[in-house]
Structure formats: C-alpha cells, structure tokens
Amino acid sequence: MRIIRTVHEVRVAVAEARAAGRIVGLVPTMGAFHAGHLSLMQVARTQTDLVVVSLFVNPTQFAAGEDLSAYPRDEQRDADMARGEGVDILFAPEPAEVYPDGFSTTIHVSSITDVLCGATRGPQHFDGVATVVAKMLGMVAPDVAFFGQKDAQQVLVVRRLVRDLDIPVRIEACPIVREPDGLAMSSRNVYLDPAARVQATALQRALAAADAAAKAGERDAAVLVAAAAAVLADAGIEPEYLELRATDDLRLLDRVEEEGLLAVAARVGGARLIDNCVLRPN
Ligand code: AMP
C-alpha cells in the first residue's frame, strides 16, 4: 500500500491504473478506523480494481466548539488496518494541500441540508462535507465512491451534488456496521465512558422499537416516533432530533407508505451520536 500526500501523485497513480483498464474506487474517511470503515474498504475491494482510501480530518465541516482538535487521530494504526484490507493507496493530504492559500469556493447543497444534522450542527457542516467530497472526487476521480448509510443525510447530500454538478462517479451506500449490542460503530464512541457506553445502546433499541411497530403494520409517523421516543426517555436520553422523513428528499412524513427514514441524534456522555433505520411497514 502506498501512502500519498499530494494531489499530483494520486492523479498520476489513478491515471496509470485507468490507462491499464482498471476500475478505481474511493472510500473517503476522517480516519480512526473501525469495522464500519473496514466494511467500506471490503466492498470497494470486491467492486473495484484500485482501492483508494482518503484520510483527511476535514476542518471545514466542524463548527466552532465541536470536537475538531480532540478528534481521534492515529495514522500509523489506520495505515496498518487499511493495508490489512488490501487497500492500494492511502491518500492522506495535509490541510494546505486540500485548502491552499486563497481557497475561496464553497459548495452548498440546499433544502435537504436544512434539516436533521444541518439544523442542529449548522449550515457550515454540510457545506464543509459537500465541498470536501467534491474536492476528493475531483482530486482522485474515482469510478465509484463508497459511503456509509450510518450518515444517511450525507449520502443524500453527496448523491445530490454529484447529480447536480454532473460528476461522473457512481455513489455506493453501504449498510451500517454495529457493535454486538447494536450500537452503531463510530469514531466518536471512544468518547463514551462505561456508563455512557451502556446508555448509548438505547439509540439502536429506540430505532428497533419503531421498526417492530412498522413491521406490525403501524404507518402513523407520530405513533412510530413515539415508540422510539419512549425507549430514549427510559434511558434518560433527550434527542437532538428524532424524526421520520422521506428517504429521497427528507420531507417530514405524517404516514409511512413504502418507506421512511427514522433518524436520531443525541448527546450521550461526552459524545454526539447519530443513528438511523429505514422503516418499511408491512
Ligand atoms: P468518517 O470517518 O466518520 O467520516 O466516516 C467515513 C465513512 O465511513 C462515511 O461514509 C461513514 O458513513 C462511514 N461509516 C462510519 N461509521 C459507519 C458504520 N458504523 N457503518 C458503516 N459505515 C460507517
């Protein structure tokens, strides 16, 4: 596995692979790898010939007061894990390579970024995400890019920007990887002390309660959300949001006909955690 730090070098490596007829895959990450990240690398390994993993803690998607400086970083460990998954290139640029002096462009995806994490973290979050993803797609120019459904709103934002800007890449969304007790894997789980770690399992149990109600035929959004809210309340968690929205444009749903995205965000201990589940009533 090569570790590459410049746009020029990654472009040369990708161009060589493409000239040899190889399909190029990109897994964008902020590092601190866990099994969720590794699952994306594994899917990329099966679907593409040259697997590039980007490792870049993107400062522009953190609001002032968020955990940018505390965000877990261990490139050596990440490199070892990526190598273990058969990754070809770890693209780990310095901030100045991504945002050179005079950088002045921001990509803003409207409407779907006004709700959920866009409402609670502020507009700069998805502006930062959209801009850095557009840049990564421009720098690496992959045929396929792999994202986790754990960040369901991010997947929609990326799909929208790729469509709107005619970026020639296929976006592949991969399933949420969970701990044995159901907690969605996250780089931020390291912030949880033992008590908070137990409390955090309520997020998935809340989603599962709503999922069970949907599978039993419940379609009323208020009833489905209430089923999840009761589990959170029981665990002493007050969510930042707990909402049932359309899977395509995130409009708020009154009823779930085909499917709906139940998304939750909550502060548990020192960590801000998110999780989601697509409900499909029977
Ligand atoms: P991050 O490093 O947190 O920016 O995540 C990099 C990619 O991994 C994103 O596409 C995330 O959605 C994805 N990811 C993070 N956690 C999980 C998980 N538990 N299961 C699947 N994908 C995940």
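## The largest cavity

Lys150, Leu183, Ala184, Ser186, Asn189, Leu203, Leu273, Ile274 and Asp275 line the largest cavity of this structure. The model is predicted. The volume of this cavity is about 40 Å³. The count of cavities of 30 Å³ or more comes to one.

Strand S9 provides the largest share of the lining, three residues. By type, the lining of the largest cavity splits into five nonpolar, two polar and two charged residues.

## The second largest pocket

The second largest pocket holds about 260 Å³ of space. It is lined by 18 residues, and those closest to its centre are Leu55, Phe56, Val57, Arg73 and Pro93. Eleven residues of this lining are nonpolar, one is polar and six are charged.

## The nonpolar core

The largest nonpolar core has 48 residues. Val52, Phe91, Leu137 and Val140 have the most contacts inside it. Several elements each supply at least two residues of this core: helix H1 (7-19), strand S2 (24-29), strand S3 (50-55), strand S4 (89-91), H6, S5, H7 and S8. Helix H6 gives the most, with ten residues.

In soluble globular proteins, nonpolar side chains tend to be buried together.

## Helix H7

Helix H7 covers residues 152-164, 13 residues in total. From its first C-alpha to its last it reaches 18 Å, close to the 18 Å expected at 1.5 Å a residue.

Which residues of H7 are buried? They are Ala152, Gln153, Gln154, Val155, Leu156, Val157, Val158, Leu161 and Val162. Their cover includes two helices, H5 (117-121) and H6 (123-140). It also includes the strands S5 (144-148), S6 (170-174), S8 (260-268) and S9 (271-279). Just after H7 comes Asp166, with a positive phi of about 55 degrees.

Most residues other than glycine have a negative phi. Ser111 is found in the loop between helix H4 (95-98) and H5, and its phi is near 70 degrees, a positive value. Leu116 also has its place in the loop between H4 and H5. Phi of Leu116 is near 50 degrees, again positive.

Are these residues buried or exposed? Ser111 counts as partly exposed because its relative accessible area is 45%, which falls between the cut-offs of 20% and 50%. Leu116 counts as buried because its relative accessible area is 4%, under the 20% limit.

Arg255 is in the loop between strand S7 (239-245) and S8. With a relative accessible area of 44%, Arg255 is partly exposed. Which residues does Arg255 contact, leaving aside its neighbours within four places in sequence? They are Arg219, Asp220 and Ala221. Val223 is 32 residues from Arg255 along the chain, and their C-alpha atoms are separated by 9.5 Å.

Ala233 lies in helix H10, which runs over residues 221-234. Ala233 is exposed because its relative accessible area is 54%, over the 50% cut-off. Ala206 is 27 residues away from Ala233 in sequence. In space, C-alpha to C-alpha, Ala233 and Ala206 are 9.5 Å apart.

Conventions
Residues are numbered from 1 along each chain as its sequence is written. This is a predicted model: local features need pLDDT of at least 70, side-chain atom pairs count only at pLDDT 80 or more; totals for chains, interfaces and linings use all residues. Side-chain values use heavy atoms; hydrogens and water are left out. Helices (H or I, at least four residues) and strands (E, at least two) are DSSP runs, numbered from the N terminus. The expected span of a helix is 1.5 Å times one less than its number of residues. Buried means under 20% relative accessible area, exposed over 50%, partly exposed in between (1.4 Å probe, protein chains only). Contact means heavy atoms within 4.5 Å. On a 1 Å grid over the protein atoms alone, a cavity is a set of points where a 1.4 Å probe fits but cannot get out, and a pocket is an open set with protein on both sides within 12 Å along at least five of seven lines; lining residues have an atom within 4 Å of a point. Grid points are joined across faces, edges and corners, and a volume is the space filled by probe spheres set on the points. Ala, Val, Leu, Ile, Met, Phe, Trp, Tyr, Cys and Pro count as nonpolar, Asp, Glu, Lys and Arg as charged, and the others, Gly among them, as polar. A nonpolar core is a set of buried Ala, Val, Leu, Ile, Met, Phe, Trp, Tyr and Cys residues joined through side-chain atoms within 4.5 Å.
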